[in-house]
Amino acid sequence: MDVFSSLMDGFATALTPMNFLYAVIGVLLGTAVGVLPGLGPAMTVALLLPVTYVLEPTSAFIMFAGIYYGGMYGGSTTSILLNTPGESSSVVTAIEGNKMAKAGRAAQALATAAIGSFVAGTIGTALLAVFAPIVVKFAVSLGSPSYFAIMVLALLAVTAVLGSSRLRGFASLGLGLAIGLVGIDSVTGQRRLTFGQPLLADGLDIVVVAVAIFAVGEALWVAAHLRRNPLQVIPVGRPWMGKEDWKRSWKPWLRGTAFGFPFGALPAGGAEIPTFLSYVTEKRLSKHPEEFGHGAIEGVAGPEAANNAAAAGTMTPLLALGLPTNATAAVMLAAFTSYGIQPGPQLFASQGPLVWALIASLFIGNFLLLIINLPLAPLWAKLLQLPRPYLYAGILFFATLGAYSVNLQAFDLVLLLVLGALGFMMRRFGLPVLPLILGVILGPRIEGQLRKTLQLSAGDPAGLWSEPIAVGVYVLIALILLWPFLFKLIRRNRPAAMPAGILAKSGSSEPTDAGGSGSHGSHRADATSGGDGDGDG
Amino acid sequence: MSSSPTLASRLKGRSELGVALLLGAAGVLVLVDAIALVTPYSKSDPVGPKTLPYLVAGLLIVCAIMLAVNVLRGGQGEAEGGEDVDLTHPADWKTVLPLAGAFVANILLIDWAGWVISGTVLFWGSAWALGSRHYIRDGIIAVALSVLTFYGFYLGLGIPLPAGLLAGVL
């Protein structure tokens, strides 16, 4: 069946009155929760997971599509109307967006964000519909060795590329992998890390882990550092744009989309890099460069489009390879798995109608966002004024409810508190959260592929590089791990380019280990864990 | 280590060493647990259940050591910012501990007293810990939320949250 007719079938499924209603509910819930400060899209999806448990898979995923885009969009509203962004992906939007809002152009900023998100989301979803089947065609030829390599790449890339400290990234990854180990080993039936607790035998429920790390950890962390004088929310009417705004916005939307989609589809691409690239590009190409830093509409339009296109791009590896590349996708993968659905190349064959209904509802969700959110913007702005004690008490309340309703056992709440404390500690000491979540989710899969690979090669480690794709991926992994080291070598060989003064300064005053003396440590950590990766080969 | 400052002064303000300690402990735990697994070598599973735990334990222990070295050399993790986060004042334990207390109360109460009571305690206690002093209003919101979610989950989602002490009433 070709893409178009499959997609039309998907629309037919997604547009039945009940399913359409779920899409509307999803968009509303997603935006409402996403707008709330302190709740990013990943947390939004994790908190709302239990709600979808009682629905049949198709309806649940249609609702998810709405929650996903709604959560993404909600974040941009927050960053425009409040001074500081909560999500790393909306940092760039906040630069110009908040300046625009302060200059009395909040309505235009919100409008260009909403319409740009719609344009980028629609193009991005169309690209997803076209590319996902191509990736699938390519992916069905891959065996366990390649999958193993690709998953290792996804883990290491997220850990090594994102975040300011690689060492802390790897520490977080290790904790995540350890959490993923808990439970009965699926091959031999051995109990690992269960400490004789029968309740741990099934492993830690990923919903509990995600809600604990994202929601409980965040609530505790904010409680410890709660702003005594809340931020000023800028009042806003109905978003609208004048002719001049449209003229200045449409090109940045398209360019932002072009940046966002490919980066979203790459492991560790995420939305941070493309939003930043988009911002820099718009600043350079703008006819009004003097407005940048004082609220230039291009600086909102481009990054917002890039952000949403990246969100669509993320769905490509998730659906076609079963590979999550950001926290939200990781939680979505957990949701898929809880329905007994394994994303990956077989998914398109075995669950074709469901996948296409999901893609169709991404289109629908995107459209709903536009028509619902433009008129509702003033209401969302009101949500930002929610008294903080109620907001964070509410987050804890619903986190508890969500985690408890999965298995109805108080033991899960103990785990929730313990892992929430871990999330608190990670925020305090700058351990990134994403490697942990990916480690929990990908760890068991990586182990499965590794065992399958060596089973096929009868224990011969050479089986690991028996496929050309796998070899290529290992080269990439080596490059990513060795990159800072190579970079240093290059810099050392060009002493004139980097005056010694800067090096010395960064060595003595840099608080993070990104530069100077501390970075020796992180390189060695990288090299060692790289060695570990090769060691199992 | 032999340079002029003493060990004690080096340890001061280095609470991040606790993270290294935690990582190391986790690594050792994973290692000990993996060693205790008994598995005969089998041709159908040459990797076995021990390989990944060994690698994870190795990663954790190496990270623990590197982090300890990094911190002692002056490295520092960046605390995370956010919309409602003000990093200019130190951690406020007078808020966090009562908040955790409300959470624990909920865990202890939920199976015995039921969700409506334990959820009310959780919300009211959390709001109080976070600085809300509208006792009556908080109470009304807490009860309303708990009752609504109880019926919402029961009727809407078919999930029976524990009714506990109020089993006959609800």
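**Reading the folds**

Tutor: Start with contacts, meaning residues whose C-beta atoms, placed from the backbone, lie within 7 Å. In chain B, among contacts between residues at least 6 apart in sequence, 59% join residues at least 24 apart. This is a predicted model, where local features need pLDDT of at least 70, side-chain atom pairs count only at pLDDT 80 or more, and totals for chains, interfaces and linings use all residues. Residues are numbered from 1 along each chain as its sequence is written, while chains are lettered from A and ligands numbered from 1 in the order in which they are written.

Student: How many helices and strands are there in chain B?

Tutor: Helices (H or I, at least four residues) and strands (E, at least two) are DSSP runs, numbered from the N terminus. Chain B has six helices and zero strands. Its radius of gyration, taken over C-alpha atoms, is 24 Å, well over the 15 Å that the globule rule (2.2 Å times the number of residues to the power 0.38) gives for 170 residues, so chain B is more spread out than a compact globule.

Student: Which domains is chain B divided into?

Tutor: Domain bounds come from an automatic or database domain assignment. Here they give domain 1 (4–72) and domain 2 (93–166), with 38 Å between their centres, taken over C-alpha atoms.

Student: And at what angle do α5 and α14 of chain A pack?

Tutor: Axes are lines fitted to C-alpha atoms, for helices over the stretch in contact, and angles run from 0 to 180 degrees between N-to-C directions. Helix α5 (residues 91–139) and helix α14 (residues 352–383) of chain A pack at about 175°, with axes 9 Å apart. That makes them roughly antiparallel (over 145 degrees).

Note on methods. Two residues are in contact if their C-beta atoms, placed from the backbone, lie within 7 Å. Angles under 35 degrees count as roughly parallel, over 145 as roughly antiparallel, 65 to 115 as roughly perpendicular and the rest as oblique.
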